[in-house]
Amino acid sequence: MSNTLSRRDFLKLSGLGAAVSAVLTGCGPMARYIVRKPYTSMPEYNQTGLSTYYASTCRECPAGCGIIVRTKEGRAITIEGNPQHPVNRGRLCSRGVTAQQGLYNPDRIRGPVFQARGDAGRAKAITWDEALNVVQQALASSPDQIAFLLGAAPDHLFDLVSEMTATLGAPAPVRYNALTTFEGRTTLLEAARLTFGEETLPYFDLANADVTFAFGANFLENWLSPVAYTRAYGEFRQGRPTRRGYLVVFEARQSLTAGNADEWIPIRPGSEAILAAVFNRLVAEARGKPVSPAFSTVTVSAAAAASGVSEEKIRQLAQLFAAASHPLAIPGGSALAQADGLMTARSLLYLNAVVENLGQPGGVFLTPAQVAATDFAAVKELVRRMTDSKVKVLFIHGVNPLFELPGALGFGEALAKVPLVISFASFPDETALASDYILPDHTPLESFGYQRVLAGSDRPAYSSFQPVVVPLYDTRATADVLLAAVKQLGMAAAQAFPYKDEVEYIQQKLLPLIEAGGFYTAPEIFTFWSRWLQYGGWWKPQAELSAPRQAVPPEEAFPFTPPVELEEGKQFYLITFPNHFGDGSGANRPWLQELPDWMTTVTWNSWVEIHPKTAEELGLHDDDVVRISTPFGFVEASVYRYPAIRPDTIAIPFGQGHTALGRWAEGRGCNPAQVLPTTTNAAGDLTFGSVVATILPTGKRRPLARVESKEGIYGEH
Amino acid sequence: MAEQKAPQKWGLVVDLDRCTGCNACIAACSMENNIPFVGEDEVAYGRGLYWLYNKREWRGEYPEIKPAFEPVMCQQCGNAPCEPVCPVFASVHSEEEQINLAVYNRCVGTRYCANNCPYHARQFNYFDYELPEPMNSYLNPDVTVRRRGVMEKCTFCVQRIVRGRQKAAAEGREVEDGEIQPACVQACPAGALVFGDVSNPESKASQMARNQRRYQLLEELGTLPRVTYLKGGGRYGG
Amino acid sequence: MKQPKPWWQQPGFRVGIALVLLILLGGAVSAVYLTQIPPEQPIAFPHNRHVGLGAPCAYCHPGTAWGPNAGLPGIDKCWGCHQQVQKKSPELEKLAAYVANNQPIPWVPVAIQPEFVHFNHQPHVSAGIACETCHGDMTKMTVAEPQPRQNMGWCLSCHQKMAPEQWTKLSDCATCHY
């Protein structure tokens with residue numbers, strides 16, 4: 001044998017080694033490592049090897065889209081749209097299809113805890129019996145010192161709490177959701193009340209319109225019912241063989257909606273009202289109608305000067321609108337978040353009356369649901385009562401006020417003055433961690449309920465919730481907790497709520513629907529209930545919305561608030577806009593984090609959008625970290641040079657910047673709520689649209705993970 | 001209309017005039033196909049696993065500027081550049097479905113196919129991305145979970161195609177037009193995506209693909225893509 | 001002067017490497033062997049007796065009729081008969097214990113597909129393929145035994161015997177691999 005190991009031998013040896021390790025590690029079925037446990041008794045709805053589908057309602061935002069959840073062996077696999085549902089007709093948005101990441105989120109709260117306001121030394125898990133006693137004692141305190149803060153969805157819990165507070169003599173529940181602020185929902189409701197005489201949300205028939213003016217209404221992203229409006233947008237573009245709709249969007253920062261528009265008119269923030277008024281005048285004149293007194297004194301030159309749009313352009317657009325056979329004007333979003341926001345909304349709603357599209361195809365209808373407003377002013381009032389120590393017990397469900405409310409409102413300090421704070425959060429969000437007790441509710445895919453469908457449906461509709469999986473953890477439906485606590489209270493309160501549990505309460509609320517002419521009916525509630533769960537809700541068989549009976553223009557000439565004058569090159573209008581994180585609760589869904597932003601393709605972080613020309617003047621480059629300061633606070637974020645924004649405007653997305661909410665949300669980006677004001681417009685909505693900010697370079701650099709470069713942005717690797 | 005030189009079956013039509021760029025397709029695709037999220041740093045390295053990505057391009061100059069969106073998935077080329085370069089036959093053509101397949105257990109990770117793909121449609125698993133308990137509960141049992149070192153790409157949701165075909169066969173009928181929908185098509189809120197059998201001239205996808213707005217990505221390369229785009233009608237290009 | 005032998009020629013090293021190789025080879029052989037013997041089941045279920053008595057396979061494995069998985073019977077299926085038909089046997093006492101505790105029986109599946117293979121029973125059953133074609137003659141087994149050499153070539157050899165116009169579909173990768 002030779003002294004050296006020949007190359008040939010070496011190859012032989014290594015070949016043998018590779019073969020041996022292949023046999024050991026890879027090949028052959030690994031049967032004996034798998035155990036399969038069949039059902040002890042197979043549920044009747046389950047068939048071996050086949051998926052079971054459940055109809056329910058998406059609760060990632062308050063729009064109320066119908067979903068079908070595909071489950072297999074008790075696991076929720078995929079979420080699909082419910083093709084029958086009048087809101088979304090089988091379609092869904094990115095938030096809806098990733099809702100399983102909430103259900104199976106590893107950071108969920110797994111049982112009731114005494115949280116002790118984040119004091120880890122005293123925090124301890126408690127039992128539901130102890131929790132019930134806490135809730136019962138809380139409800140037994142003096143009624144005027146109890147407060148409920150709920151989310152924006154008009155669901156069964158809101159109805160139950162409303163009835164409960166009425167019975168107890170406590171103040172009605174306050175509702176808040178950052179999205180309703182970004183939608184300008186209160187302003188829209190108030191404008192509808194003043195213009196149409198009814199306080200309901202208007203339904204804009206975008207699908208049949210041919211020229212649409214949208215002022216700030218970002219209906220392709222978040223506004224009211226984005227899936228319904230995106231569906232309508234598709235029809236608006238290509239649904240008709242001969243006509244293609246023409247969309248014009250007026251806003252300072254190009255949103256996704258404006259990006260899809262045929263014309264984006266970058267107006268100066270704060271000039272929406274005068275522009276809406278001048279369109280009223282020009283369109284009325286073009287159509288040979290009398291001009292309402294409120295608009296007769298507005299001049300095109302004044303509107304042009306305020307908005308920065310040329311007179312010629314304004315006249316041309318007004319002509320386009322007046323000449324269209326199905327024109328439609330949509331007010332919403334940042335346009336209403338100005339001092340004159342209510343006037344903007346009223347003018348634009350009345351503009352629809354000027355072109356006589358009320359109740360016409362491609363026009364404005366009224367949704368049936370009577371909604372109690374989710375009023376920022378009411379939240380402000382609650383904070384004032386809390387600060388004055390007039391609130392002894394605060395229940396919080398479905399909202400994360402410490403994150404969503406402007407920091408300047410001082411909710412955190414007010415919360416410290418409330419002796420007992422009980423949160424029903426499913427996730428360890430900022431507010432839950434600052435509360436005394438967390439009594440976790442089931443997540444949406446584990447719970448029963450209903451939601452009155454608000455803005456996206458062309459007919460009266462109720463959407464049903466049902467559990468698609470058995471609750472994963474020791475959580476309990478908040479409605480059940482409240483019902484049980486009220487029962488323990490005894491006395492009159494208990495008699496007012498004789499329901500065994502949440503389901504019985506829901507069924508009782510559904511009783512009127514049996515005879516209400518839906519697309520199915522039933523002889524009694526239990527049959528009705530099974531169909532209700534099967535179809536994912538109840539709605540009318542045909543489109544059925546009422547037309548506004550009247551349209552009242554604003555009474556008299558309006559003293560328009562001029563846009564804030566800026567110190568050029570130093571001060572900038574600051575726009576805060578929501579993206580696919582919605583109200584910020586989407587930030588703990590890793591796939592939503594990974595999903596590129598529509599316009600910038602940034603993932604996993606916050607950014608500040610600055611016009612490239614402005615950035616050049618300030619000496620800023622992409623990824624430079626800057627400090628954005630307003631009189632109310634400051635945030636820091638990386639620069640994204642955004643070509644579709646006014647050079648005097650900057651913008652920050654809402655939804656990141658969590659200090660809690662689990663591993664994927666925490667410590668990521670910045671929360672622009674910290675720089676928002678607390679001022680309100682005449683309708684009581686937050687005027688987040690007229691903030692002036694300054695930019696200060698920090699000298700730091702933090703690259704943003706953008707998908708627009710397929711090669712990656714970290715350079716060579 | 002370019003003359004098709006290869007047999008074809010499944011096709012996808014993307015109407016860019018309806019597409020708003022909302023990215024619901026990406027999210028639906030990821031949840032259906034067990035696609036892992038990779039985290040901020042990996043995305044920044046260009047390693048994001050998007051089987052379907054939305055190509056956003058700025059068109060025009062301020063103030064007449066707008067983004068042009070173009071959702072790009074595997075084009076399922078009839079004459080696919082990724083196929084001949086694979087040394088281990090992990091990128092093969094399905095004769096029955098007329099799509100390109102990624103054979104994960106053959107793949108050795110040379111990434112030649114990705115380099116040769118003109119559409120950036122193929123993604124590489126640089127690491128094993130484990131989902132923390134209990135998040136792995138939502139994994140779709142119909143789709144193989146890929147491990148590191150493996151190339152992957154859009155399959156036109158072949159698991160749904162096979163399931164739809166087997167269901168129709170069990171019921172003794174042909175597959176109906178529109179019965180089989182990939183996850184992206186099913187989710188698309190604007191109805192911009194239409195999927196169907198383009199070998200049947202009567203299917204909705206075939207009818208739409210005959211539109212005068214039609215074009216295909218890099219048509220001139222002769223890859224015979226199965227995805228047809230319909231131009232947007234916007235003012236600034238598109 | 002005699003050169004010291006290089007390290008790979010030292011007898012110690014050679015013995016060592018031989019030992020390592022032997023262990024690896026032994027491991028490989030035993031691994032191959034282990035995959036070919038029936039795994040230990042929680043209950044030594046006598047298939048031969050049940051099939052011999054005329055119980056159709058689909059009675060306990062009904063999923064074959066409509067879906068991908070045949071399914072394993074749970075205690076309610078077993079106990080449905082065995083609370084009437086009982087003979088004293090240690091295996092039936094195990095069953096009775098599972099039923100009494102309402103515990104699922106932790107069966108170890110024998111015929112399973114490796115990763116990246118998706119098998120659907122339904123088309124095969126509809127095509128009239130008998131169960132024993134793939135699962136062996138159950139009248140001769142107590143617990144189910146893995147069938148040797150069931151690889152892709154074996155699948156394809158059977159698919160090849162089907163109608164020639166089906167060959168494209170039946171030989172297509174995407175039919176089973178996705």
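This talk covers the domains, the helix packing and a few backbone points of a predicted model.

Let's start with chain A and its domains. There are two in the assignment: domain 1 spans 182-366, and domain 2 spans 571-706. How far apart do the C-alpha centres of these two domains lie? The answer is 26 Å. The contact draws 28 residues from domain 1 of chain A and 27 residues from domain 2 of chain A. Now the area. Between them, domain 1 and domain 2 of chain A bury about 2300 Å². Of that, 64% is on carbon and sulfur atoms. Which residues of domain 1 of chain A lose the most area to domain 2 of chain A? They are A:Phe182, A:Arg253 and A:Ala337. Together they make up 34% of what the domain 1 side buries.

Chain C also has a domain assignment. Domain 1 of chain C is 9-36. Domain 2 of chain C is written in two pieces, 47-106 + 118-147. The centres of these domains, taken over C-alpha atoms, are separated by 40 Å.

Next, helix packing in chain A.

Pair one is α10, residues 272-286, against α14, residues 341-354, both in chain A. Their axes come within 8 Å and cross at roughly 20°. An angle under 35 degrees counts as roughly parallel, so that is what α10(A) is to α14(A). The crossing of α10(A) past α14(A) is left-handed. On the α10(A) side, the contact residues are A:Glu272, A:Ala273, A:Ala276, A:Ala277, A:Phe279, A:Asn280, A:Val283 and A:Ala284. On the α14(A) side, they are A:Met343, A:Thr344, A:Ser347, A:Leu348, A:Tyr350, A:Leu351 and A:Val354. By class, this contact of α10(A) with α14(A) has eleven nonpolar, three polar and one charged residues.

Pair two is α5, residues 156-168, with α21, residues 502-514, again in chain A. Here the axes are 11 Å apart and the angle is about 90°. That makes α5(A) roughly perpendicular to α21(A). From α5(A) we have A:His156, A:Asp159, A:Leu160 and A:Glu163. They meet A:Glu502, A:Tyr505, A:Ile506 and A:Lys509 of α21(A). How do the residues in the contact of α5(A) with α21(A) split by class? Three are nonpolar, one is polar and four are charged.

α12(A) passes α13(A) in a right-handed crossing. A:Val300, A:Ser301, A:Ala303, A:Ala304 and A:Ser307 come from α12(A). Their partners in α13(A) are A:Glu311, A:Ile314 and A:Arg315. This contact of α12(A) with α13(A) divides into four nonpolar, two polar and two charged residues.

Last topic: the backbone. As background, most residues other than glycine have a negative phi, and most peptide bonds are trans. Here are some departures.

Two are in chain B. The peptide bond from B:Tyr62 to B:Pro63 is cis, with omega near 0°. Where does B:Pro63 sit? In the loop between β2 (53-61) and β3 (64-72) of chain B. A cis bond also joins B:Glu133 and B:Pro134, and there omega is about -5°. B:Pro134 is in the loop between β6 (123-124) and β7 (151-152) of chain B.

Back to chain A for one more. A:Leu224 is not a glycine, yet its phi is positive, at about 55°. A:Leu224 falls in the loop between β9 (211-215) and α8 (226-238) of chain A.

Notes. Residues numbered from 1 in each chain as written. Chains lettered and ligands numbered in written order. Predicted model: local features only at pLDDT ≥ 70, side-chain atom pairs only at ≥ 80, totals over all residues. Heavy atoms only, no water. Axes fitted to C-alpha atoms, helices over the stretch in contact; angles between N-to-C directions. Helix = DSSP H or I, 4+ residues; strand = E, 2+ residues; numbered from the N terminus. Parallel < 35°, antiparallel > 145°, perpendicular 65-115°, else oblique. Left-handed = near helix turned anticlockwise from the far one by under 90°. Contact = heavy atoms within 4.5 Å. Nonpolar A, V, L, I, M, F, W, Y, C, P; charged D, E, K, R; others polar. Domains from an automatic or database assignment. Buried area = accessible area lost by both parts, 1.4 Å probe.
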